[in-house]
Amino acid sequence: MAQDVEARIAAACVRLVAVTENRARDRAVDGLRDAALAQVRWGAAPEPFPGLD
């Protein structure tokens, strides 16, 4: 379940990266990275492009 939550957060961050710029984009990228790492910590396999399922 936690893996699914983190996957949804990563997907939301990918969308934010696409539509924001400057500092907001930086924060979205940070969130994407954090969510991807959390997925792995919860036992998911690493993905080459997290959030793009």
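The largest nonpolar core of this predicted model comprises 5 residues: Ala10, Cys13, Val14, Leu32 and Ala35. Such a core is a set of buried Ala, Val, Leu, Ile, Met, Phe, Trp, Tyr and Cys residues joined through side-chain atoms within 4.5 Å. Buried means under 20% relative accessible area (1.4 Å probe, protein chains only). Helix 1 and helix 2 are the elements that give two or more residues to this core. The largest share, 3 residues, comes from helix 1. Helices are DSSP runs (H or I, at least four residues), numbered from the N terminus.

Contact means heavy atoms within 4.5 Å. On the helix 1 side, the residues meeting helix 2 include Gln3, Glu6, Ile9 and Leu16. Their partners in helix 2 include Arg25, Val29, Gly31 and Gln39.

Valine 14 contacts Leu32, Pro50, Gly51 and Leu52, leaving aside neighbours within four places in sequence. Glutamine 39 lies in helix 2. Its relative accessible area is 6%, so glutamine 39 is buried. With residues up to four places away in sequence not counted, glutamine 39 touches Gln3, Glu6, Ala7, Ala10, Ala44, Glu47 and Pro50.

Residues are numbered from 1 along each chain as its sequence is written, and side-chain values use heavy atoms, without hydrogens and water. Local features need pLDDT of at least 70 and side-chain atom pairs pLDDT 80 or more, whereas totals for chains, interfaces and linings use all residues.

Note on methods:
Buried < 20%, exposed > 50% of the residue type's maximum accessible area, 1.4 Å probe, protein only.
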